[in-house]
Structures are given as C-alpha cells and as structure tokens.
Amino acid sequence: MATCYQWTESPVGRLLLVADEGGLRELLFERGRTSPAIDASWKNNDHLLREAIRQLRAFFAGERQHFDLELNPQGTGFQQRVWRALQEIPFGETISYRELARRLGNPAASRAVGLANGSNPIAIIIPCHRVIGSNGTLTGYGGGLENKRWLLDFERNQLRLAFDR
C-alpha cells in the first residue's frame, strides 16, 4: 500500500497526517518549526486516516484523553524507546527531560532524550508537549511554543472540568 496523507483542521492550526500500511507515521503542524512537505508519491486518502482524524477531533472536543491507533513512527531504537515513554506520561501532566531520562534508566541522558523528543514525528498523539525544562519552563516544540502552551493548558482545563463534574 502507498503512503497516504490528509490535512485536518484543529485548534492549534492545520495538521498533516501521514500513514502507510504499518500505521500513522507522522502528524505535523502546518506552521511548525519546519513546513511539512508532501511527497509526490503519496496519495491523498481520507479513508485510511479517518479514524486518526476522528480521535483527534474527539481529543480537541474534550471527549478523549488517550489515542488508540496503530503508530509507525520511523526512528532509531533509542528514539523509539523515548517515544514509547512519552506515551506513558498521563494526560494533563508534565515531566522534565531529566525525569524522562531517569525513567529510561539513564539519568545522564537528558540531552539525548531532548533530541529524541524533538524528533518525535507524531505530535500530540505521542505527547512530546508534556515534557518541559527542569525549572518548569516551556522549551522548544516543533509546533511552536504557543501551541505547546495551548495543549498543556487545554489538558489541565479538561482535567479541572472533569473534576468539577
């Protein structure tokens, strides 16, 4: 099967989703650190990406905190380990790069963890936005710091709303 793509609108701007037979490969911000490029061989296919788009819309509507999708991010073994660990960070919570490195069994690897975090090809669904500096500051984000701030505030507000019910 060919690689497929689809654009979708979101509160953090237009997002490009890319998938192949192995699952979702990328979720990129249209106005991120780098503009996503669509390969000429890719096919526009809303059918293949329908479920991912449905789950994203439910997330932004406050109806979903976790994603249940086949993911197929491309990266090194170390990057894959970091990206799996990112998926363990609970909705609405943040951790530092140092803490993430500690959870991976190598507290001295916070810089390497930061680089792997920054290489995450599936934003939002693999929640790299939940990783912040050790002093609590927001650090780089491929979708822009304003979107990182928006996502963190959104998740915290959703938790407050759920608690108040």
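**Figure 1. Arg130 and Glu155 meet in a salt bridge of 2.9 Å, N to O.** A salt bridge here is a side-chain nitrogen of Lys or Arg within 4 Å of a carboxyl oxygen of Asp or Glu. The pair links distant parts of the chain, with Arg130 in the loop between α4 and β6 and Glu155 in helix α5, 25 residues apart. Helices (H or I, at least four residues) and strands (E, at least two) are DSSP runs, numbered from the N terminus. Arg130 counts as buried at 5% relative accessibility, and Glu155 counts as buried at 0%. For these labels, buried means under 20% relative accessible area, exposed over 50%, and partly exposed in between, with a 1.4 Å probe and protein chains only. Please keep in mind that this is a predicted model, in which local features need pLDDT of at least 70 and side-chain atom pairs count only at pLDDT 80 or more, while totals for chains, interfaces and linings use all residues. Residues are numbered from 1 along each chain as its sequence is written, and side-chain values use heavy atoms, leaving out hydrogens and water.

Figure 2. Glu51 is partly exposed at 34% relative accessibility, and Arg54 is partly exposed at 43%. The structure holds 6 salt bridges. Side chains of opposite charge can pair when their charged atoms come close.

**Figure 3. Arg14 has a salt bridge to Glu30 and a place over the ring of Trp7.** The closest N and O atoms of Arg14 and Glu30 are 3.4 Å apart. This pair links distant parts of the chain: Arg14 belongs to the loop between β1 (4-8) and β2, and Glu30 to the loop between β3 and β4 (43-44), 16 residues apart. Both partners count as partly exposed, Arg14 with a relative accessible area of 30% and Glu30 with 25%. The charged end of Arg14 also sits 4.1 Å from the centre of the Trp7 ring. For a charge to sit over a ring, NZ of Lys or CZ of Arg must be within 6 Å of the ring centre and within 35 degrees of the ring normal.

**Figure 4. Ile124 is buried, with a relative accessible area of 1%.** Look for Ile124 in the loop between α4 (110-118) and β6 (131-132). Its phi is near 70°, a positive value in a residue other than glycine. Leaving aside neighbours within four places in sequence, Ile124 is in contact (heavy atoms within 4.5 Å) with residues including Val12, Leu27, Phe29, Leu56, Phe60, Tyr141 and Leu151.

**Figure 5. The largest nonpolar core has 39 residues.** A nonpolar core is a set of buried Ala, Val, Leu, Ile, Met, Phe, Trp, Tyr and Cys residues joined through side-chain atoms within 4.5 Å. Leu27, Leu56, Leu86, Leu100 and Ile124 have the most contacts inside this core. Elements that each supply at least two of its residues include β2 (15-20), β3 (23-29), α1 (50-60) and α5 (145-164). The largest share, 5 residues, comes from α1. A second, separate core of 5 residues includes Tyr5, Trp7, Val18 and Trp42.

**Figure 6. Phe29 and Tyr141 form an edge-to-face aromatic pair.** The structure holds 9 aromatic pairs. Rings of Phe, Tyr and Trp (its six-membered ring) pair if their centres lie within 6.5 Å; planes under 30 degrees apart count as stacked, over 60 as edge-to-face and the rest as tilted. Here the rings are 5.6 Å centre to centre, with 75° between the planes. Phe29 lies in strand β3 and Tyr141 in the loop between β6 and α5, so the pair ties together parts that are 112 residues apart in sequence. Both residues are buried.

**Figure 7. Phe60 and Trp150 form a tilted ring pair.** The ring centres are 5.9 Å apart and the planes meet at 55°, so the pair counts as tilted. Phe60 in helix α1 and Trp150 in helix α5 are 90 residues apart, and their pair links distant parts of the chain. Phe60 is buried, with a relative accessible area of 13%, whereas Trp150 is partly exposed at 31%. Ring pairs link Phe59, Phe60, Phe67, Phe91, Trp150 and Phe154 into a cluster.
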